[in-house]
Amino acid sequence: MPLGPSVVAPQGVQALQDLTVLFGAPLVSGVISHVEGRLQGRRGPRILQPYYDLAKLFRKETVATEESSWVFLAGPVVAFGCYLIVPLLIPVLTTYGLPLGYMGDILGGGFILALAGFSVALAGTESGAPYAQLGGSRAMTFGALIEPTILFVVFAVALITSTDLPYALAATVRSSSSEMVRPGHVLAAIAFFLVVLVDTGRIPVETHSGTLEFGMIDEARTLEHSGAPLALLKWGAAMKQLILYTILINVFVAPWGLAASGSPGAVALAIPALLGKAMALGMIFAVIDNLFAKLRLFKITEFIAAAFLIAVLAVLVFYAGGG
Amino acid sequence: MHAVPSTYAGVADVVAVLVLLTEFAMLRAPLLRSQVKLYAFQSLVVSGLAVYVAASRHINELYALALLSFVLKVVLVPGLVLRLLREADVDLAGSSVLGVASMILIALGVSAFGFFTVGSLQVHSIALPTTALAIAAAVVLVAFVLIILRADVVSQAIGFFSLENGVSVASLVVAAGLPLVVEVAFLFDLLVAVVVFGVIMRVHHGRTKSLSTEELDRLKG
């Protein structure tokens, strides 16, 4: 009988994936807004500010409008639950599939993320307030427009690996460096990068830290929430951001630094590796935030058309002979 | 599941994809000036491809070709067109018949046609990056879309010039050892086209005080 466990049980690693996303997400958001502040010549908020914000919101009372029903309060909880399920499906810490990792493929994860977005939009609409309803309807509209791009990225992934499991693509990308420069893969990664830009509400699409309601999409949905539900929504948004970053990093761009076995050291190393990579990616997004202006609302379709074009080209290049 | 292409084919494919993407960018570029700059960038990429092919296939003449096409297509032609634009000083924003999204979708369909056509030709060899060839065909077709859908003289000239870039990519990947004379003849063709389009731009602007071709639907001026 060995003294300590030399291998972390797969279930343990799986729980750890969830916990990493749960408690790491506000940190990543904090780093991004700090860097953003620095880039704009401000001191920027503290890196740990999102945690203080969440703690403050959880202590505050919850107010609901008179017109709203239980949906208004249930929406944030459902969304939060969805964001807790997705990390089980994607390679967050390990290179090998975990027991529940084969529960769903990339599309499955996408559906769960879509369900989360839907429940937040529904909760916003339920409040009866005009801006929250506007946010919900816009979020659904642009969500529907970006969906074909996501599908074509999944098709490209399926053409590379003959499956659409995120673990399989990550393993393929790791297998040789020439996989990284395949034009089809590069195009799919760029298209997914643009999808992340749209889905996290970053600058060409939306100012994520503004107070001007007319340009808002995702942000406007949560205007009526307060207290603990608002905390769940903010926390969920941070988790969604980290989840999308994780898919981009660990599936498409840089699936290194993951634990190849269940040894405690490797798993413990994988957590700071993931958070470090996510922060590096976040800084790229912060730089983009400062370089570009927000698009007018009706110009966003052009941006989405560009993403769609790149995703379709990825599939076409594969079709044309192995790209 | 496809086999992973060799590094040579991979680089050729990436460059071809870049050329195709700049072609799409030209299609949607609202400013004529940015269209010209995109053309300069596209030519730069093509020259880079020539250098890469020269280095990896040990064809020294291609260095001369790369230098020539750099001087001509990255410096000279864009500089000339930009000067003409500065002199014209009107119609900075190009006109297009359709909205950006529908234009992109049409071009996407056309380039898909190009891909499928070259794919059904069944040309396969180890030395030939079939994908790059298919993309070059798509570049040519999208250049046609650019010429057809953008209703101004500059876009049509740039569309024609970038069509030549697509042909260059195809000739570089298919027949890298093509005699230098033939390649230079292509470039000479381009030079003639520049002169012709330069004259057209001047005359058209002199007559109609605009660069839009929508004025040209009357038989008598």
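**View 1. Contacts across chain B of the predicted model.** Of the contacts in chain B between residues at least 6 apart in sequence, 76% join residues at least 24 apart; two residues are in contact if their C-beta atoms, placed from the backbone, lie within 7 Å. Chain B contains 7 helices and 0 strands, where helices (H or I, at least four residues) and strands (E, at least two) are DSSP runs numbered from the N terminus. Of its 221 residues, 43% are buried, that is, with 20 or more other C-beta atoms within 10 Å of their own. This is a predicted model, in which local features need pLDDT of at least 70, side-chain atom pairs count only at pLDDT 80 or more, and totals for chains, interfaces and linings use all residues. Residues are numbered from 1 along each chain as its sequence is written, and chains are lettered from A and ligands numbered from 1 in the order in which they are written.

**View 2. Packing of helices α2 and α6 in chain B.** Helix α2(B) (residues 32-57) and helix α6(B) (residues 153-174) pack at an angle of about 10°, their axes 10 Å apart. The two helices are therefore roughly parallel, a term for angles under 35 degrees. Among the contributors are L32(B), Y39(B) and V53(B) of α2(B) and V154(B), F161(B) and L172(B) of α6(B). The residues of this contact comprise 12 nonpolar, 7 polar and no charged.

**View 3. The contact between chains A and B.** Each side is represented: 23 residues from chain A and 23 residues from chain B. On the side of chain A, the elements giving two or more residues are α7 (177-180), α8 (183-199) and α11 (300-319). Helix α11(A) gives the most, with 10 residues.

Technical notes:
Axes fitted to C-alpha atoms, helices over the stretch in contact; angles between N-to-C directions. Parallel < 35°, antiparallel > 145°, perpendicular 65-115°, else oblique. Nonpolar A, V, L, I, M, F, W, Y, C, P; charged D, E, K, R; others polar. Buried ≥ 20, exposed ≤ 12 C-beta atoms within 10 Å, placed from the backbone.
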